[in-house]
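Keep the sequence and the model side by side.

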Amino acid sequence: DRSVVEEFTFGENRTVAIGPVEAQRVSGWEGESFVVQTLDDQGYVLTEVWRLAENGSELVRDISMVRRDKQSSFSRQRFIRSQS
């Protein structure tokens, strides 16, 4: 089994590599959301927006992929805090 670990650093602007793939990554706060944008050498921009919802009981991650101003995919993940 393989897994990918991603590490985001506030205010980063650097080249990242996962195996043979290299991309430029920037990150930072936009209002109440933490935004990470990754640009690859093919011109695709992967944008991840992380924010708290439902009074802090959910973490929402919106993921979009855009190339030449055309969105090719969008996904939303919700991580719900357990009530224990």
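Arg 61 is buried, at 15% relative accessibility; buried means under 20% relative accessible area, exposed over 50% and partly exposed in between, with a 1.4 Å probe and protein chains only. Arg 61 sits in strand 5, residues 58-67. Strands here are DSSP runs of E with at least two residues, numbered from the N terminus. The side chain of Arg 61 has a partner: a polar contact of 2.5 Å joins it to the side chain of Glu 48. A polar contact is a pair of N or O atoms within 3.5 Å; within protein, one must be able to donate a hydrogen and the other to accept it, and residues adjacent in sequence count only if both atoms are side-chain atoms.

This is a predicted model: local features need pLDDT of at least 70, side-chain atom pairs count only at pLDDT 80 or more, and totals for chains, interfaces and linings use all residues. Residues are numbered from 1 along each chain as its sequence is written, and side-chain values use heavy atoms, with hydrogens and water left out.

How far can the coordinates be trusted? pLDDT is the predictor's confidence in each residue, from 0 to 100. The protein has a mean pLDDT of 84, and 85% of its residues reach 70 or more. Residues 1-5 stay under 50. For residues 1-5 the model has 1 contact beyond four places in sequence; contact means heavy atoms within 4.5 Å. Where pLDDT is low, the predicted coordinates should not be read in detail.

Now to strand 4, residues 44-53, which holds Thr 47. Is Thr 47 buried or exposed? Thr 47 is buried, because its relative accessible area is 14%. The side chain of Thr 47 makes a polar contact of 3.3 Å with the side chain of Gln 37. Neighbours within four places in sequence aside, Thr 47 is in contact with Val 35, Val 36 and Gln 37, and also with Asp 62, Ile 63 and Ser 64.

Next, the aromatic rings. How many aromatic pairs does a search of the whole structure find? The search finds 2. Rings of Phe, Tyr and Trp (its six-membered ring) pair if their centres lie within 6.5 Å; planes under 30 degrees apart count as stacked, over 60 as edge-to-face and the rest as tilted. Trp 29 and Phe 34 form an edge-to-face pair, with 5.4 Å centre to centre and 65° between the planes. Trp 29 is exposed at 54% relative accessibility, whereas Phe 34 is buried at 13%. Trp 50 and Phe 79 have ring centres 6.4 Å apart and planes at 15°, so this pair is stacked. Trp 50 lies in strand 4 and Phe 79 in strand 6 (residues 70-80), so the pair ties together parts that are 29 residues apart in sequence. Phe 79 is partly exposed, at 39% relative accessibility.

Look at strand 3, residues 33-40, for Asp 40. Asp 40 counts as partly exposed because its relative accessible area is 25%. Which backbone nitrogen does the side chain of Asp 40 reach at 2.9 Å? That of Gln 42. A polar atom of the Asp 40 side chain also lies 3.1 Å from the backbone nitrogen of Gly 43. Leaving aside residues within four places in sequence, Asp 40 is in contact with Glu 22 and Ala 23. Asp 40 and Val 16 are 24 residues apart along the chain, and 9.8 Å separates their C-alpha atoms.

Strand 1, residues 13-18, includes Asn 13. Asn 13 is exposed, at 55% relative accessibility. Its C-alpha atom is 5.6 Å from that of Arg 25, 12 residues apart along the chain. Asn 13 touches Gln 24, Arg 25 and Val 26, not counting residues up to four places away.

Most residues other than glycine have a negative phi. Glu 54 has a positive phi, near 50°, and Asn 55 has a positive phi near 55°. Glu 54 is exposed at 53% relative accessibility. Asn 55 is exposed too, with a relative accessible area of 87%.

Terms used. Helix = DSSP H or I, 4+ residues; strand = E, 2+ residues; numbered from the N terminus.
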